[in-house]
Amino acid sequence: MSSKQRQQILVLDYGSPYTQLIARRVRDIGVYCEVRVFDLTKEEFLAFNPAGVIVSDAGEKPLSVAAPALPDFIIEAQIPVLGIGYGMQMLARDLGGAVLATDPMEDIMARIQVVAAEDPLLGELSDDEDANEAVIDVWLKQQGKVVQVPAGFEITAEAEHWPVLGMSDTERNLYGVHFHPELNKTPQGTRILERFVVDVCGCEKTWTPKAIIEQAVKDIRAQVGTDEVILGLSGGVDSSVVAALLHKAIGDQLTCVFVDHGLLRLNEGKQVMEMFAENMGVNVVKVDAEDIFLSRLAGVSDPEEKRKIIGNTFIELFDEQAAAFNNAKWLAQGTIYPDVIESVASKQGGAAVKSHHNVGGLPEDMKLKLVEPLRQLFKDEVRKIGLELGLPYDMVYRHPFPGPGLGVRILGEVKKEYADLLRQADHIFITELLEEGLYHKTSQAFTVFIPVKSVGVVEGKRRYEYVVSLRAVETVDFMTARWAHLPYDFLERVSRRIIEEIPGISRVAYDISSKPPATIEWE
């Protein structure tokens with residue numbers, strides 16, 4: 001690898017729901033990487049200057065003449081490239097091979113044979129040590145087939161009815177696999193990715209919590225100098241870690257502003273003040289702003305508009321607080337990488353999932369400049385550096401809570417009545433999860449308020465009141481998630497408690513949607 005190339009990998013996104021998992025796996029290996037949409041410019045690519053490129057699959061996108069091609073400058077850069085799924089098909093098609101378009105079919109588990117023993121990527125890998133041949137189980141993409149590899153390539157993996165499931169051009173360091181190494185369903189997947197980023201690309205495993213903190217401290221000090229910084233503190237994992245990181249970097253230059261917008265969980269305001277002001281020694285200013293937020297949200301039902309209203313109001317309040325500090329020029333936020341990815345649309349017209357209030361909802365004329373030390377980190381990376389900074393486990397592994405709070409867990413218009421009911425229901429759900437030992441077995445759990453009424457019978461009397469839904473998911477990186485299979489008797493107990501103890505609720509549902517196709521939050 002040229003000394004001019006950085007110790008980092010570019011993941012080129014062609015729309016696969018698993019693209020962010022590729023990035024997570026690479027970072028787990030200890031190598032830094034970033035996700036960029038396939039339509040990045042040559043200038044953007046050269047500025048990033050990666051040691052190698054991983055080209056993602058394309059999800060449900062059919063292979064056709066109109067399908068996007070691999071940018072010419074990727075191959076021209078003469079650095080290692082690994083194509084996954086559609087990424088391998090592009091390499092084959094664009095470099096002179098042949099690809100057969102097929103109808104979309106569901107991905108499947110498959111056992112494939114490694115046929116190139118000396119291949120840097122797949123050579124000598126086998127799930128069955130007793131077998132006479134090298135075979136590995138993979139999560140196989142069943143859409144499109146490479147039927148002829150380009151000149152210079154050799155076939156590295158195959159299976160019945162699949163002539164090319166892996167290919168390599170070791171002279172040019174170009175590789176392709178038709179299956180998904182980023183998924184746990186491919187047991188050898190992490191080894192394959194590690195071979196590519198470490199052995200082929202020559203990257204060192206320097207992406208560690210300690211190294212992240214050291215670099216972040218240097219970057220923060222260089223960015224803000226002697227200026228004062230205001231942090232919007234929510235008490236959630238992200239802002240808590242930002243507070244600890246900034247406190248380590250700039251000490252008394254930091255002031256945390258905790259805005260109680262009336263959309264917090266039960267007793268959360270008191271808990272946040274005790275945690276940071278009393279236990280961590282951080283200067284925290286509390287702003288009671290429930291009336292302001294609720295009045296501005298009155299009559300607003302669209303979730304994007306709610307996010308923007310909440311984001312704008314937060315910034316106004318931060319600007320007001322900043323006026324009390326002569327040297328306050330920066331606003332710190334707990335923005336993390338999934339917030340950025342989900343808020344960014346492709347320049348070719350691809351739609352963002354949703355705008356996060358701290359990414360897409362900030363006013364253009366805000367007075368404070370932003371400092372976002374977690375902006376390139378996934379959630380589990382944030383937690384790891386939180387522990388490295390000495391934060392308590394229960395704080396670091398507390399379930400995520402969105403910046404807009406209950407504002408995006410109340411469907412449609414936000415009202416104080418709805419927020420009060422939701423707070424009580426959510427408290428029961430979380431309390432029961434903790435007592436049953438299920439809280440840390442789920443990655444995120446919460447309750448959603450649905451502003452429709454349903455008939456119920458409580459203590460022999462008819463009740464016509466509101467509906468709530470419980471939501472719990474299991475995930476590693478929050479880019480994909482499976483709904484948590486909580487025990488039926490547990491769900492029944494939570495439902496009964498909510499209905500019997502909260503007069504304004506008559507029915508409880510449980511959300512069994514995974515991500516994708518759903519998002520974790522309802523709005």
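**Reading the labels**

Guide: In this predicted model, helix α1 (residues 19-29) packs against helix α5 (residues 189-200) at an angle of about 70 degrees, the two axes being 10 Å apart.

Visitor: Why are α1 and α5 called roughly perpendicular to each other?
Guide: Roughly perpendicular covers angles of 65 to 115 degrees; the angle between α1 and α5 is about 70 degrees, and α1 and α5 are therefore described as roughly perpendicular.

Visitor: Which residues in α1 and α5 meet, and how do they divide into nonpolar, polar and charged?
Guide: From α1 come R25, V26 and I29, which meet T190, L193, E194, V197 and V198 in α5. The residues of this contact comprise five nonpolar, one polar and two charged.

Visitor: What is the order of strands in the open sheet of nine strands?
Guide: The order is β2-β1-β3-β4-β11-β10-β9-β6-β7, and the pairing is mixed.

Visitor: Why do β2 and β7 stand at the edges?
Guide: Both β2 (32-37) and β7 (135-140) have a single partner strand, so each has one side left without a neighbour in the sheet. From one strand to the next, the twist averages 25 degrees.

Visitor: In what sense do β9 and β10 pair, and over how many bridges?
Guide: Strand β9 (residues 154-159) and strand β10 (residues 162-169) pair in the antiparallel sense over four bridges, where two strands count as paired with at least two bridges between them. Within this pairing, E154 is opposite S168 in β10.

Visitor: Which strands does α1 touch where it packs on the sheet?
Guide: Helix α1 touches β1 (8-13), β2, β3 (52-55) and β4 (81-84), and its direction makes about 165 degrees with that of β2. Helix α4 (residues 86-94) lies across β3, β4, β10 and β11 (174-177), and runs at about 120 degrees to β4.

Visitor: What makes strand β15 largely enclosed by the rest of the structure?
Guide: A residue is buried when its relative accessible area is under 20%; four of the five residues of β15 (residues 328-332) are buried, so the strand is largely enclosed. Strand β12 (residues 228-232) pairs with β15 in the parallel sense over four bridges, and E228 has A328 in β15 as its bridge partner. Strand β16 (residues 369-371) runs parallel to β15 and is joined to it by three bridges, with K369 in β16 as the bridge partner of W330.

Visitor: Why is V282 called buried?
Guide: The cut-off for buried is under 20% relative accessible area, and V282 has 4%, so V282 is buried. This residue lies in the loop between α8 (268-280) and β14 (284-288). Leaving aside residues up to four places away in sequence, V282 touches H247, L254, C256, F276 and A277.

Visitor: How do you know that the radius of gyration of the protein agrees with that of a compact globule?
Guide: A compact globule of 523 residues would have a radius of gyration near 24 Å, and the protein has 25 Å, so the two agree. The C-alpha trace spans about 70 × 65 × 45 Å along its principal axes. Of the 523 residues, 56% count as buried. Among contacts between residues at least 6 apart in sequence, 75% join residues at least 24 apart. The protein has 15 helices and 20 strands.

Key: Residues numbered from 1 in each chain as written. Predicted model: local features only at pLDDT ≥ 70, side-chain atom pairs only at ≥ 80, totals over all residues. Heavy atoms only, no water. Helix = DSSP H or I, 4+ residues; strand = E, 2+ residues; numbered from the N terminus. Buried < 20%, exposed > 50% of the residue type's maximum accessible area, 1.4 Å probe, protein only. Contact = heavy atoms within 4.5 Å. Axes fitted to C-alpha atoms, helices over the stretch in contact; angles between N-to-C directions. Parallel < 35°, antiparallel > 145°, perpendicular 65-115°, else oblique. Nonpolar A, V, L, I, M, F, W, Y, C, P; charged D, E, K, R; others polar. Rg over C-alpha atoms; globule rule 2.2 N^0.38 Å.
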